[in-house]
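Have a look along with me.

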Amino acid sequence: MSARRSAGLRRALRRGLPMAVPMIVLLGWQAGGDFGWVDPDVLPAPVAVALAGWHSLLSGELLRNVEISAWRAAIGFAIGGGIGFILGLLNGLSGLAEKLTDTTLQMVRNIPHLALIPLVILWFGIGEEAKVFLVALGVFFPIYVNTLHGVRSVDPQLIEMARAYGMSRATLVRRVVLPGALPSIFVGLRYGLGITWLTLIVAETIAASSGIGYMAMNAREFMLVDVVVFAILIYAALGKLADSTVRVLERVCLAWNPVYRQQ
(Lines give C-alpha, C1' and ligand atoms only; values in the text may rest on other atoms or scores of the structure.)
Protein backbone atom coordinates (compact mmCIF):
# COMPACT_ATOMS: atom_id res chain seq x y z
CA MET A 1 0.00 0.00 0.00
CA SER A 2 2.85 2.34 0.87
CA ALA A 3 4.61 1.61 -2.42
CA ARG A 4 1.39 2.25 -4.32
CA ARG A 5 0.88 5.56 -2.49
CA SER A 6 4.45 6.67 -3.19
CA ALA A 7 4.11 5.72 -6.86
CA GLY A 8 0.91 7.77 -7.08
CA LEU A 9 2.66 10.69 -5.42
CA ARG A 10 5.51 10.50 -7.91
CA ARG A 11 3.05 10.49 -10.82
CA ALA A 12 1.23 13.52 -9.38
CA LEU A 13 4.52 15.38 -8.95
CA ARG A 14 5.58 14.52 -12.50
CA ARG A 15 2.27 15.78 -13.90
CA GLY A 16 2.43 18.96 -11.85
CA LEU A 17 6.07 19.71 -12.68
CA PRO A 18 5.33 21.64 -15.94
CA MET A 19 3.29 24.14 -13.88
CA ALA A 20 6.09 24.81 -11.40
CA VAL A 21 7.77 27.62 -13.37
CA PRO A 22 4.48 29.42 -14.26
CA MET A 23 3.42 29.30 -10.59
CA ILE A 24 6.77 30.71 -9.46
CA VAL A 25 6.45 33.51 -12.03
CA LEU A 26 2.92 34.30 -10.86
CA LEU A 27 3.94 34.36 -7.20
CA GLY A 28 6.92 36.60 -7.95
CA TRP A 29 4.72 38.86 -10.05
CA GLN A 30 2.15 39.15 -7.25
CA ALA A 31 4.86 39.81 -4.67
CA GLY A 32 6.31 42.53 -6.88
CA GLY A 33 2.93 44.24 -6.99
CA ASP A 34 2.26 43.85 -3.26
CA PHE A 35 5.62 45.29 -2.23
CA GLY A 36 5.53 48.11 -4.78
CA TRP A 37 8.42 46.81 -6.86
CA VAL A 38 6.25 46.87 -10.01
CA ASP A 39 4.22 49.95 -10.95
CA PRO A 40 0.55 48.85 -11.32
CA ASP A 41 0.14 51.37 -14.15
CA VAL A 42 2.83 49.45 -16.05
CA LEU A 43 2.01 45.86 -15.03
CA PRO A 44 -0.95 45.21 -12.70
CA ALA A 45 -0.67 42.36 -10.21
CA PRO A 46 -2.22 38.97 -11.10
CA VAL A 47 -5.10 39.50 -8.67
CA ALA A 48 -6.04 42.79 -10.40
CA VAL A 49 -5.80 41.09 -13.80
CA ALA A 50 -8.00 38.22 -12.58
CA LEU A 51 -10.60 40.67 -11.27
CA ALA A 52 -10.65 42.47 -14.61
CA GLY A 53 -11.21 39.14 -16.34
CA TRP A 54 -13.99 38.24 -13.91
CA HIS A 55 -15.79 41.51 -14.60
CA SER A 56 -15.54 41.00 -18.38
CA LEU A 57 -16.86 37.46 -17.91
CA LEU A 58 -19.86 38.68 -15.94
CA SER A 59 -20.63 41.32 -18.57
CA GLY A 60 -20.57 38.69 -21.34
CA GLU A 61 -17.87 40.59 -23.25
CA LEU A 62 -15.21 37.94 -22.64
CA LEU A 63 -17.16 34.93 -23.91
CA ARG A 64 -18.39 36.84 -26.95
CA ASN A 65 -14.90 37.94 -27.98
CA VAL A 66 -13.31 34.56 -27.23
CA GLU A 67 -15.94 32.83 -29.36
CA ILE A 68 -15.30 35.18 -32.28
CA SER A 69 -11.50 34.80 -32.05
CA ALA A 70 -11.73 31.01 -31.75
CA TRP A 71 -14.00 30.89 -34.81
CA ARG A 72 -11.54 32.96 -36.85
CA ALA A 73 -8.63 30.78 -35.72
CA ALA A 74 -10.46 27.54 -36.49
CA ILE A 75 -11.64 28.58 -39.97
CA GLY A 76 -8.26 30.03 -40.97
CA PHE A 77 -6.41 26.99 -39.62
CA ALA A 78 -8.73 24.56 -41.42
CA ILE A 79 -8.38 26.35 -44.77
CA GLY A 80 -4.64 27.03 -44.65
CA GLY A 81 -3.79 23.71 -43.00
CA GLY A 82 -5.96 21.70 -45.37
CA ILE A 83 -4.43 23.25 -48.48
CA GLY A 84 -0.92 22.95 -47.02
CA PHE A 85 -1.45 19.27 -46.19
CA ILE A 86 -2.80 18.42 -49.65
CA LEU A 87 0.00 20.22 -51.48
CA GLY A 88 2.66 18.80 -49.16
CA LEU A 89 1.36 15.28 -49.74
CA LEU A 90 1.06 15.83 -53.50
CA ASN A 91 4.56 17.29 -53.87
CA GLY A 92 6.02 14.61 -51.61
CA LEU A 93 4.56 11.86 -53.77
CA SER A 94 5.07 13.44 -57.19
CA GLY A 95 8.36 14.81 -58.42
CA LEU A 96 6.59 16.54 -61.30
CA ALA A 97 4.19 18.37 -58.96
CA GLU A 98 7.11 19.47 -56.80
CA LYS A 99 9.00 20.84 -59.81
CA LEU A 100 5.93 22.78 -60.94
CA THR A 101 4.90 24.34 -57.62
CA ASP A 102 7.57 24.10 -54.90
CA THR A 103 9.85 26.87 -56.21
CA THR A 104 6.95 29.33 -56.38
CA LEU A 105 5.73 28.33 -52.91
CA GLN A 106 9.19 28.75 -51.41
CA MET A 107 9.43 32.24 -52.92
CA VAL A 108 6.06 33.21 -51.42
CA ARG A 109 7.03 31.62 -48.09
CA ASN A 110 9.83 34.16 -47.66
CA ILE A 111 7.39 37.07 -47.78
CA PRO A 112 6.33 37.93 -44.17
CA HIS A 113 2.59 37.38 -44.25
CA LEU A 114 1.96 40.06 -41.63
CA ALA A 115 3.59 42.60 -43.95
CA LEU A 116 0.65 42.02 -46.28
CA ILE A 117 -1.86 43.49 -43.80
CA PRO A 118 -2.19 46.88 -45.60
CA LEU A 119 -2.74 45.11 -48.92
CA VAL A 120 -5.18 42.61 -47.39
CA ILE A 121 -7.21 45.46 -45.89
CA LEU A 122 -7.40 47.05 -49.35
CA TRP A 123 -8.55 43.74 -50.79
CA PHE A 124 -11.00 42.60 -48.11
CA GLY A 125 -11.58 45.62 -45.87
CA ILE A 126 -11.67 44.90 -42.12
CA GLY A 127 -14.25 42.13 -42.38
CA GLU A 128 -13.82 38.49 -41.42
CA GLU A 129 -12.31 37.58 -44.79
CA ALA A 130 -9.17 39.63 -44.11
CA LYS A 131 -8.41 37.96 -40.77
CA VAL A 132 -9.23 34.45 -42.01
CA PHE A 133 -7.04 35.00 -45.08
CA LEU A 134 -4.07 36.12 -42.96
CA VAL A 135 -4.43 33.17 -40.58
CA ALA A 136 -4.76 30.70 -43.46
CA LEU A 137 -1.68 32.14 -45.17
CA GLY A 138 0.37 31.97 -41.98
CA VAL A 139 -0.68 28.38 -41.23
CA PHE A 140 -0.20 27.09 -44.78
CA PHE A 141 3.60 27.02 -44.91
CA PRO A 142 4.46 25.22 -41.62
CA ILE A 143 2.06 22.41 -42.48
CA TYR A 144 3.10 22.28 -46.13
CA VAL A 145 6.84 22.13 -45.39
CA ASN A 146 6.51 19.57 -42.59
CA THR A 147 4.13 17.36 -44.58
CA LEU A 148 6.51 17.42 -47.54
CA HIS A 149 9.44 16.61 -45.26
CA GLY A 150 7.50 13.78 -43.57
CA VAL A 151 6.53 12.13 -46.85
CA ARG A 152 10.08 12.40 -48.19
CA SER A 153 11.49 10.97 -44.92
CA VAL A 154 9.59 7.67 -45.10
CA ASP A 155 12.01 4.75 -45.27
CA PRO A 156 12.41 3.78 -48.97
CA GLN A 157 12.89 0.15 -47.98
CA LEU A 158 9.41 0.08 -46.43
CA ILE A 159 7.97 1.46 -49.66
CA GLU A 160 9.84 -1.13 -51.74
CA MET A 161 8.65 -3.93 -49.46
CA ALA A 162 5.04 -2.69 -49.70
CA ARG A 163 5.29 -2.65 -53.49
CA ALA A 164 6.77 -6.15 -53.45
CA TYR A 165 3.66 -7.31 -51.55
CA GLY A 166 1.53 -5.90 -54.36
CA MET A 167 0.01 -2.89 -52.56
CA SER A 168 -1.84 -0.44 -54.75
CA ARG A 169 -0.69 3.20 -54.74
CA ALA A 170 -3.67 4.30 -52.64
CA THR A 171 -3.09 1.53 -50.09
CA LEU A 172 0.63 2.31 -50.02
CA VAL A 173 -0.08 5.95 -49.20
CA ARG A 174 -2.66 5.06 -46.56
CA ARG A 175 -0.81 2.20 -44.85
CA VAL A 176 2.86 3.19 -45.23
CA VAL A 177 3.46 6.79 -46.30
CA LEU A 178 0.96 8.60 -44.07
CA PRO A 179 1.85 6.70 -40.86
CA GLY A 180 5.54 7.29 -41.54
CA ALA A 181 4.96 11.00 -42.17
CA LEU A 182 2.70 11.57 -39.15
CA PRO A 183 5.45 12.70 -36.71
CA SER A 184 6.50 15.51 -39.06
CA ILE A 185 2.89 16.37 -39.85
CA PHE A 186 2.14 16.80 -36.14
CA VAL A 187 5.18 19.05 -35.78
CA GLY A 188 3.71 21.18 -38.55
CA LEU A 189 0.32 21.21 -36.82
CA ARG A 190 1.80 22.42 -33.54
CA TYR A 191 3.92 25.05 -35.23
CA GLY A 192 0.96 26.13 -37.36
CA LEU A 193 -1.22 26.58 -34.29
CA GLY A 194 1.36 28.94 -32.82
CA ILE A 195 1.38 30.95 -36.05
CA THR A 196 -2.44 30.99 -35.95
CA TRP A 197 -2.63 32.84 -32.65
CA LEU A 198 0.33 35.08 -33.45
CA THR A 199 -1.34 36.17 -36.70
CA LEU A 200 -4.71 36.63 -35.04
CA ILE A 201 -3.27 38.85 -32.31
CA VAL A 202 -1.84 41.24 -34.89
CA ALA A 203 -4.86 41.10 -37.21
CA GLU A 204 -7.36 41.78 -34.43
CA THR A 205 -5.42 44.69 -33.01
CA ILE A 206 -5.12 46.40 -36.39
CA ALA A 207 -8.30 45.64 -38.29
CA ALA A 208 -11.14 44.36 -36.13
CA SER A 209 -14.32 45.46 -34.40
CA SER A 210 -14.59 42.34 -32.25
CA GLY A 211 -12.42 39.57 -30.80
CA ILE A 212 -9.82 39.38 -28.05
CA GLY A 213 -7.41 41.71 -29.85
CA TYR A 214 -10.15 44.30 -30.28
CA MET A 215 -10.96 43.98 -26.57
CA ALA A 216 -7.30 44.69 -25.74
CA MET A 217 -7.09 47.69 -28.06
CA ASN A 218 -10.36 49.10 -26.78
CA ALA A 219 -9.05 48.77 -23.21
CA ARG A 220 -5.85 50.54 -24.23
CA GLU A 221 -7.87 53.57 -25.31
CA PHE A 222 -9.16 53.89 -21.73
CA MET A 223 -5.79 52.99 -20.13
CA LEU A 224 -7.19 49.74 -18.68
CA VAL A 225 -3.84 47.97 -18.46
CA ASP A 226 -5.30 45.08 -16.44
CA VAL A 227 -7.72 44.24 -19.28
CA VAL A 228 -4.90 44.44 -21.84
CA VAL A 229 -2.77 42.01 -19.81
CA PHE A 230 -5.77 39.73 -19.33
CA ALA A 231 -6.39 39.63 -23.09
CA ILE A 232 -2.75 38.66 -23.68
CA LEU A 233 -3.06 35.87 -21.10
CA ILE A 234 -6.23 34.64 -22.82
CA TYR A 235 -4.31 34.32 -26.09
CA ALA A 236 -1.61 32.36 -24.24
CA ALA A 237 -4.18 30.06 -22.60
CA LEU A 238 -5.98 29.37 -25.89
CA GLY A 239 -2.67 28.65 -27.60
CA LYS A 240 -1.66 26.24 -24.84
CA LEU A 241 -5.06 24.52 -24.96
CA ALA A 242 -4.77 24.02 -28.71
CA ASP A 243 -1.21 22.71 -28.41
CA SER A 244 -2.17 20.29 -25.62
CA THR A 245 -5.07 18.99 -27.70
CA VAL A 246 -2.75 18.27 -30.61
CA ARG A 247 -0.26 16.54 -28.30
CA VAL A 248 -3.01 14.23 -26.99
CA LEU A 249 -4.07 13.48 -30.56
CA GLU A 250 -0.42 12.87 -31.44
CA ARG A 251 -0.04 10.27 -28.67
CA VAL A 252 -3.25 8.54 -29.75
CA CYS A 253 -2.40 8.45 -33.46
CA LEU A 254 1.22 7.43 -32.86
CA ALA A 255 0.60 4.87 -30.10
CA TRP A 256 2.31 2.27 -32.31
CA ASN A 257 5.55 4.29 -32.19
CA PRO A 258 7.74 3.33 -29.17
CA VAL A 259 8.93 6.94 -28.78
CA TYR A 260 5.38 8.24 -28.24
CA ARG A 261 4.31 5.21 -26.23
CA GLN A 262 6.85 6.13 -23.53
CA GLN A 263 5.60 9.72 -23.13
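Which residues have the most contacts inside the largest nonpolar core? Before answering, I noted that this is a predicted model, where local features need pLDDT of at least 70, side-chain atom pairs count only at pLDDT 80 or more, and totals for chains, interfaces and linings use all residues. Residues are numbered from 1 along each chain as its sequence is written, and side-chain values use heavy atoms, with hydrogens and water left out.

**Entry 1: the cores**

I looked up the term: a nonpolar core is a set of buried Ala, Val, Leu, Ile, Met, Phe, Trp, Tyr and Cys residues joined through side-chain atoms within 4.5 Å. Buried means under 20% relative accessible area, exposed means over 50%, and partly exposed lies in between (1.4 Å probe, protein chains only).

My answer: Phe77, Leu189, Trp197, Ile212, Met215 and Ile234 have the most contacts inside the largest core, which has 29 residues. Two or more residues each come from helix H3 (46-59), H4, H7, H9, helix H10 (212-221) and H11. The top giver is H11, with 10 residues. Helices here are DSSP runs (H or I, at least four residues), numbered from the N terminus.

I then picked out Leu189, which touches Phe77, Ile143 and Val246, leaving aside residues up to four places away in sequence. Contact means heavy atoms within 4.5 Å. I also found a second, separate core of 10 residues, with Leu89, Val151, Val177 and Ala181 among them.

A reminder to myself: in soluble globular proteins, nonpolar side chains tend to be buried together.

**Entry 2: the salt bridges**

A salt bridge is a side-chain nitrogen of Lys or Arg within 4 Å of a carboxyl oxygen of Asp or Glu. By this rule I get five salt bridges.

I started with Glu128 and Arg72, whose closest N and O atoms are 2.7 Å apart. This pair links distant parts of the chain, 56 residues apart: Glu128 sits in helix H7 (residues 128-152) and Arg72 in helix H4 (residues 61-93). Glu128 counts as partly exposed because its relative accessibility is 30%, while Arg72, at 1%, counts as buried.

Next came Arg190 and Asp243, which meet in a salt bridge at 2.8 Å, N to O. They too are in distant parts of the chain, 53 residues apart, with Arg190 in helix H9 (residues 169-206) and Asp243 in helix H11 (residues 225-253). Is Asp243 buried or exposed? At 16% relative accessibility, Asp243 counts as buried.
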